[in-house]
Amino acid sequence: MSFGYGYKGTLNCNWKIAVDSQQEAYHAVYLHRRTLGDICSMKGNRFMHALDIRFLGPHRMISLPGNQKHRPKPAEQVAHRFGWSIKRQDLGFLNPAELPKGINPTRAPDWLFDIYLIFPNFWLAPFDGAFQTHNFWPLALDRTYQEIKMYVIPPRDAGQCFSMEFAKCINRDTWLEDFSTLESTQEMLGSGAKDHFVLQDEEICVRHFYKTLDERIGSHA
Amino acid sequence: MPTADDKELIWTKKYPELGSAPVPIEPCCSPAYFELERERVFRRTWLNVGRVEELPNPGDYYVRELAVCRTSVLVMRGRDRKISAFHNMCSHRGNKLVWESKGNCRALTCKFHGWTYDTSGRLIGVPDEKNFFNLKKDGNGLTAVKCEIWQGFIFVNLDPDASESLLEYLGEVAEQLKGYPFDKLTSWYTYHADERVNWKILLDAQQEGYHVPILHRRTFVKAFESESIPYYRSVDVRLFRRHRMLAAGGTGDRQGVSPVETLARRYGATTFGAMSGGDYAGKVDSPLTGTFDFWVIFPNFVIAIMEGTYFTYNIWPLAVDHTLWEVRSYYPPPRNAGERFSQEYAKCTLRDPLLEDGSVHEAIQSTLASGAKTHFNFQDEEITLRHGHKVVADYVRDGK
């Protein structure tokens with residue numbers, strides 16, 4: 001796989017707010033309802049609960065399922081005939097017999113992708129047929145430079161090019177949705193109206209991230 | 001008619017405690033002073049954020065970005081018709097709840113994870129709620145901001161511990177403006193100016209009449225000029241603990257009325273006609289001292305009343321040298337084309353002098369930081385500025 005496409009930009013938010021938006025799937029069902037749609041919500045698992053979450057020292061991993069009954073739209077059906085997109089689980093690029101133990105660690109049949117958060121600011125997500133990275137670079141307390149890169153199987157013909165362009169557009173729209181909350185969150189944090197985040201079980205990686213940071217920073221009060 | 005001799009230094013004699021010394025410039029260009037104003041003035045006083053006519057129906061809401069208080073405020077009329085204000089912030093992860101500037105809703109849903117609040121700010125929906133830890137919906141509604149209404153003006157106070165009610169805060173202002181027909185002048189036009197100026201410089205340029213014969217020589221000058229009084233003199237100046245008022249007496253129609261102005265006045269109050277106290281249609285009996293009473297409600301709200309029309313300023317600091325000036329001029333809802341024409345004319349003849357005022361704001365700010373001068377020299381008619389700077393300094397020093 002090699003670099004296919006990506007985005008980069010400066011965000012007016014704290015770097016942890018940007019990381020947090022990429023380390024829980026709770027937001028996917030609502031925020032990405034127009035882009036990812038039914039891939040995030042499945043029978044018996046409406047809210048895309050993780051297949052597994054593991055803490056690896058300061059790092060952490062989330063393994064996520066996708067809806068196998070996902071109904072692709074017509075353009076998506078054409079794209080999937082030739083290659084990968086974030087909504088495709090069955091490309092068969094990864095050989096199940098040679099799968100590293102850290103990729104789809106629970107060997108779930110409905111596995112969609114894993115997220116590895118390498119402390120402090122690197123994000124790596126393997127899919128079957130692509131992988132994605134984020135680099136979160138703090139510039140100031142409330143400014144972050146974020147780089148997203150998508151690595152794909154280099155297309156060899158027009159069909160595969162079309163498939164990659166399709167995948168790129170879904171990714172772009174999903175990332176824009178992710179970005180949409182970051183600056184508005186930062187803006188409100190300074191109000192002092194609330195002094196805590198209220199986290200649910202599926203947001204435990206956010207909890208782990210802050211605990212890890214706190215331990216390294218020690219007492220700063 | 002008073003003569004120049006008995007019209008000198010009268011306000012300083014009326015309010016001797018303010019003294020007559022030059023006033024320091026530093027509070028208008030010091031970032032540190034601005035941070036104190038943010039905490040001790042703007043986060044602790046009643047701030048006007050609009051009028052009830054902006055929220056006619058249950059479920060109507062609008063958002064005001066209060067950068068000076070580092071927050072965004074959501075003002076909403078509930079299903080119970082009660083108007084409330086909230087920090088525009090989701091209780092879950094802190095995302096800004098409403099991104100539109102205004103709208104109508106049955107409920108508001110955060111775009112991040114779908115937490116939903118009703119029009120009274122109560123949390124009513126949490127997707128995947130069972131995956132939280134005994135989440136109490138009651139304790140996780142939107143954070144309320146104190147919100148009270150006076151004469152249809154909606155005010156908020158960001159200080160959760162504020163002990164003074166809005167009416168107590170307004171004090172004599174509320175008493176003396178009683179009877180003005182704010183509820184009849186409900187059709188308004190708005191101007192916004194984003195200016196590189198300290199908020200006090202902007203306000204100061206508006207709250208004295210000394211500049212009128214010079215800066216407004218092409219526009220307003222005839223409204224207040226008189227042959228027997230060569231310089232501008234207020235009819236009255238009243239200084240309260242925080243607020244203040246200056247009343248200007250107009251010349252009526254003695255300076256003549258242009259043909260277009262005459263036509264406009266046949267259908268309603270024009271800016272010039274109302275300020276100068278001339279003849280025009282649509283006069284409404286009003287508790288005025290002069291023909292044009294300029295009320296400054298501390299810290300950043302101005303209500304300038306005339307017979308049959310008024311205008312307001314909301315002066316919103318963004319940084320020590322950056323301010324948003326919101327101007328609204330209010331008229332009765334026009335009933336025909338003539339009244340509409342009259343209001344359009346009035347609007348333009350207010351706009352032009354405001355542009356003249358605006359022309360000096362940034363020019364002043366750009367030179368203050370030079371340090372070439374350390375003090376302002378205020379004359380007697382600028383006692384309102386002296387009072388304004390003192391009230392701010394008292395708040396900044398005492399924190400109350």
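Predicted model: local features only at pLDDT ≥ 70, side-chain atom pairs only at ≥ 80, totals over all residues.

**Entry 1: hairpins in chain A**

I started with strand β5 (residues 122-127) of chain A, which pairs with strand β6 (residues 130-140) of chain A in the antiparallel sense over six bridges. I checked one position and found Phe122(A) opposite Asn135(A) in β6(A). The two strands form a hairpin with two residues between them. In that turn, Gly129(A) has a positive phi of about 115°.

I then followed β6(A) onward. A hairpin through two residues joins β6(A) to β7(A). Strand β7 (residues 143-152) of chain A pairs with β6(A) over 10 bridges, in the antiparallel sense. Here I noted Val152(A) in β7(A) as the bridge partner of Ala130(A).

**Entry 2: a covered helix**

How many residues of helix α5 (residues 182-189) of chain A are buried? I got seven of its eight, so I wrote the helix down as mostly covered, taking buried to mean 20 or more other C-beta atoms within 10 Å. The buried residues of α5(A) are Leu182(A), Ser184(A), Thr185(A), Gln186(A), Glu187(A), Met188(A) and Leu189(A). I next asked what these residues pack against.

**Entry 3: where the chains meet**

**Entry 4: chain B as a whole**

I counted 11 helices and 19 strands in chain B. Its radius of gyration is 23 Å, close to the 21 Å that the globule rule gives for 400 residues, so chain B is as compact as a globular protein of that length. Along the principal axes, the C-alpha atoms of chain B fill a box of roughly 80 × 55 × 35 Å. Of the 400 residues in chain B, 43% are buried. I also looked at contacts in chain B between residues at least 6 apart in sequence, and 65% of them join residues at least 24 apart.

**Entry 5: two domains of chain B**

The domain assignment of chain B gives domain 1 (5-25 + 172-398) and domain 2 (46-168). Their centres, taken over C-alpha atoms, are 33 Å apart. Where they touch, 11 residues of domain 1 of chain B are in contact with nine residues of domain 2 of chain B. On the domain 1 side, α4 (172-177) and β17 (310-319) of chain B are the elements that give two or more residues. β17(B) gives the most to that side, with four residues. By class, I noted seven nonpolar, three polar and one charged residues there.

**Entry 6: the largest nonpolar core**

Which residues touch the most other members of the largest nonpolar core? I found Leu74(B), Val75(B) and Val156(B), in a core of 140 residues. The largest share of this core, six residues, comes from strand β4 (residues 111-118) of chain A. Both domain 1 and domain 2 of chain B give residues to the core, so it lies between them.

I finished on Val75(B). Leaving aside neighbours within four places in sequence, its contacts include Val49(B), Leu55(B), Tyr61(B), Arg64(B), Ile83(B) and Ile154(B).

Technical notes:
Residues numbered from 1 in each chain as written. Chains lettered and ligands numbered in written order. Rg over C-alpha atoms; globule rule 2.2 N^0.38 Å. Buried ≥ 20, exposed ≤ 12 C-beta atoms within 10 Å, placed from the backbone. Contact = placed C-beta atoms within 7 Å. Core = buried A, V, L, I, M, F, W, Y, C linked by C-beta atoms within 7 Å. Domains from an automatic or database assignment. Pairing = 2+ DSSP bridges. Nonpolar A, V, L, I, M, F, W, Y, C, P; charged D, E, K, R; others polar.
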